[in-house]
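Reader: I am new to reading protein models, and I would like to learn how to go from a list of side chains to a picture of what they do around one another. Could you take me through one feature at a time?

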Amino acid sequence: KQGDNYAITGVPKEKNKFLGKMEFLVDSKRWVPVKISMFDPKGKPLSQSTIDYQEFSGVFTPVKNSSQITTPAGKMSIEMSFNNIRINKGIDDKEFAVE
């Protein structure tokens, strides 16, 4: 446990040359991952993402994801924001019609 968060580490069942392990930091009150880190087999960081949530209709939903990624070409930062979020809103059957 790290503060109010739980740390979970996952490793691939079979060795591969890309991914060594993933670490998840899970909020102990909301039970959602707030930080995800990926490492290569030598322990070098590949990416790190932090996730912000907001509660909609009793459901904690991601509203922002900020990631730092390391590639052979260099580092890049990506930020995604989610808006117009709706929970359990019906979708009209005509949206699924095949013509």
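This is a predicted model: local features need pLDDT of at least 70, side-chain atom pairs count only at pLDDT 80 or more; totals for chains, interfaces and linings use all residues.

Reader: With which residue does K21 form a salt bridge, and over the face of which ring does K21 lie?

Author: The general idea is that side chains of opposite charge can pair when their charged atoms come close. A salt bridge is counted when a side-chain nitrogen of Lys or Arg is within 4 Å of a carboxyl oxygen of Asp or Glu. Here K21 pairs with E23, and their closest N and O atoms are 3.1 Å apart; E23, at 27% relative accessibility, is partly exposed. As for the ring, K21 lies over the face of F39, at 5.1 Å from the ring centre. For that, NZ of Lys or CZ of Arg must be within 6 Å of the ring centre and within 35 degrees of the ring normal. R30 gives another case, lying over the face of F60 at 5.6 Å from the ring centre.

Reader: How many salt bridges does the structure hold?

Author: The structure holds 4 of them. One of these joins the side chains of K29 and D4, at 3.3 Å from N to O. This pair links distant parts of the chain, since K29 is in the loop between β2 and β3 while D4 is in the segment before β1, 25 residues apart. The names come from DSSP runs, numbered from the N terminus, with helices being H or I runs of at least four residues and strands being E runs of at least two. K29 is exposed, at 62% relative accessibility, whereas D4 is partly exposed, at 47%. Another salt bridge forms between K64 and E79, with the closest N and O atoms 3.8 Å apart. Because K64 lies in strand β5 and E79 in strand β6 (residues 74–81), this pair ties together parts that are 15 residues apart in sequence.

Reader: Which two residues form the aromatic pair, and is that pair stacked or edge-to-face?

Author: Rings of Phe, Tyr and Trp (its six-membered ring) pair if their centres lie within 6.5 Å, and planes under 30 degrees apart count as stacked, over 60 as edge-to-face and the rest as tilted. The structure holds 1 aromatic pair. It is formed by Y6 and W31, which are stacked, with 5.5 Å centre to centre and 10° between the planes. Y6 is in strand β1 (residues 5–10) and W31 in the loop between β2 (21–27) and β3 (33–39), so that the pair links distant parts of the chain, 25 residues apart. Y6 is partly exposed, with a relative accessible area of 33%, and W31 is exposed, at 59%. W31 also has a phi near 60°, a positive value in a residue other than glycine.

Reader: Which residues make up the largest nonpolar core?

Author: A nonpolar core is a set of buried Ala, Val, Leu, Ile, Met, Phe, Trp, Tyr and Cys residues joined through side-chain atoms within 4.5 Å. The largest one has 5 residues: L25, V32, V34, I51 and Y53. Contact means heavy atoms within 4.5 Å, and V32, leaving aside its neighbours within four places in sequence, touches L25, V26, D27, Y53 and F60.

Reader: Is N65 buried or exposed?

Author: N65, which lies in strand β5, is buried, with a relative accessible area of 15%. Beyond its neighbours within four places in sequence, N65 is in contact with residues including S49, I51, E79 and F82. N65 and S49 are 16 residues apart in sequence, and their C-alpha atoms are 6.6 Å apart in space. In strand β5 (residues 59–71) you will also find T61, which is buried at 12%.

How values were computed: Residues are numbered from 1 along each chain as its sequence is written. Side-chain values use heavy atoms; hydrogens and water are left out. Buried means under 20% relative accessible area, exposed over 50%, partly exposed in between (1.4 Å probe, protein chains only).
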